[in-house]
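Me: I would like a close look at a single part of this model, followed by a few residues elsewhere in the chain.

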Amino acid sequence: MGRVPRSQPLQADSQPIRSRARKPRDPSQPRLPLDPMPARIEPCLALLKSRPPIGPDWIYEIKWDGYRIAVHLNNGNVRILTRGGHDWTHRFPAIEADAKRLGVGSAILDGEAVVLDEQGRPDFGQLQQSLGGRGGKLNSGASIMFAFDLLYFDGHDIRSLELTARRYFLRSLLQHAQGSVRLSEDLEGDGREIFASACEHGLEGIMAKYKDSPYRSGRLGEWVKVKCVRSDGFAIIGYERSTAAFGGIGRLLLAARKGNKLVYVGGVGTGFNERSALELRAQMDKITTSKPAVETGRKRDAVYVRPKLVAEVEYRAWTHDGKLRHASYKGLREMQDNAAVYEMADFGGTAVGERK
């Protein structure tokens, strides 16, 4: 399929194209085979870069700060799968309901489930609270899915098409959608200016995607993410007590992966509210241990826990000795969301790495 001009909306009789109930095939017409609908597709992942790629071969989007999900629609049935393949349909009832209203016989949409704050920005902490915290059982009626790719459409696997063609069909499917399933819009302009504007508006960052790329599972460099503030997952190995802090947590003690072992990377003492601190304390009280998982140096009044919990932490930079600078707690990552501990290497005293 050639590239479809983006300036022309996909229409038939001045209406967006929608699949209809199939009639008996006309024997005089050629048989067009249908592709079996995949039960699950491993997601395409983005490489983390410090600067966005620029040029006419790239398109840009907001980087949504939430849970990666895939919505499978098949003859009125909806399945919502997490990045790790867990069925969370019941956790996102509003997304499920609005997906059913799209009027397509079969489709697989790739996107991000988020909760927006009062300024319309995605808020990971609010998303977690709407789900009842880590391991919670609440259903998030406040969640919105921003769809950024279409992998299967009306009986056909379209992953081999270039991104611009897949986005063409996605735009037609969602051009009037304003509910809980929405289109993640393209951002026109120079990637450097778009990134600067995203940071000025308090967003997490932007995505850059190669226009002509097919959809390929894994982290292959055709999608790039650029963050205004770094945010990664770190293993919680304990906390320092405080009588003045929410939940009695003065500071969380954190670790990253380095090869096959964990290494101490400092702590985080901000970003908690009363609810998140109490929920976190309840989780940690279940996994206390007398011996720290890694050497942390001398700590006053520390409580150590087994490294079973992964905290999402924002930070500005690394110190020369591999500790987090200006860190702020965002929430606990879910195992169903492929919670991963940051991988780090040490090059000349600077900690660098990539979430796996």
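Which residues of helix α1 (residues 93–100) are buried?

Reply: This is a predicted model. In helix α1, which spans residues 93–100, the buried residues are A94, I95, D98 and A99. Viewed down the axis of α1, these buried residues fall within an arc of 130°, so they line one face of the helix.

L187 sits in the loop between β10 and α4 (191–200). Leaving aside residues up to four places away in sequence, L187 touches Y60, E61, I62 and I194. The C-alpha atoms of L187 and I59 are 7.1 Å apart, although the two residues are separated by 128 residues in sequence.

E222 is placed in the loop between β11 (205–210) and β12 (223–227). With a relative accessible area of 16%, E222 is buried, since buried means under 20%. Not counting residues up to four places away in sequence, E222 touches W58, A208, K209, Y210, S213, P214 and R216. With R216, the contact includes a polar one between the two side chains, at 2.7 Å.

Definitions and conventions
Residues are numbered from 1 along each chain as its sequence is written. This is a predicted model: local features need pLDDT of at least 70, side-chain atom pairs count only at pLDDT 80 or more; totals for chains, interfaces and linings use all residues. Side-chain values use heavy atoms; hydrogens and water are left out. Buried means under 20% relative accessible area, exposed over 50%, partly exposed in between (1.4 Å probe, protein chains only). Helices (H or I, at least four residues) and strands (E, at least two) are DSSP runs, numbered from the N terminus. The arc is that of the directions from the helix axis to the C-beta atoms. A polar contact is a pair of N or O atoms within 3.5 Å; within protein, one must be able to donate a hydrogen and the other to accept it, and residues adjacent in sequence count only if both atoms are side-chain atoms. Contact means heavy atoms within 4.5 Å.
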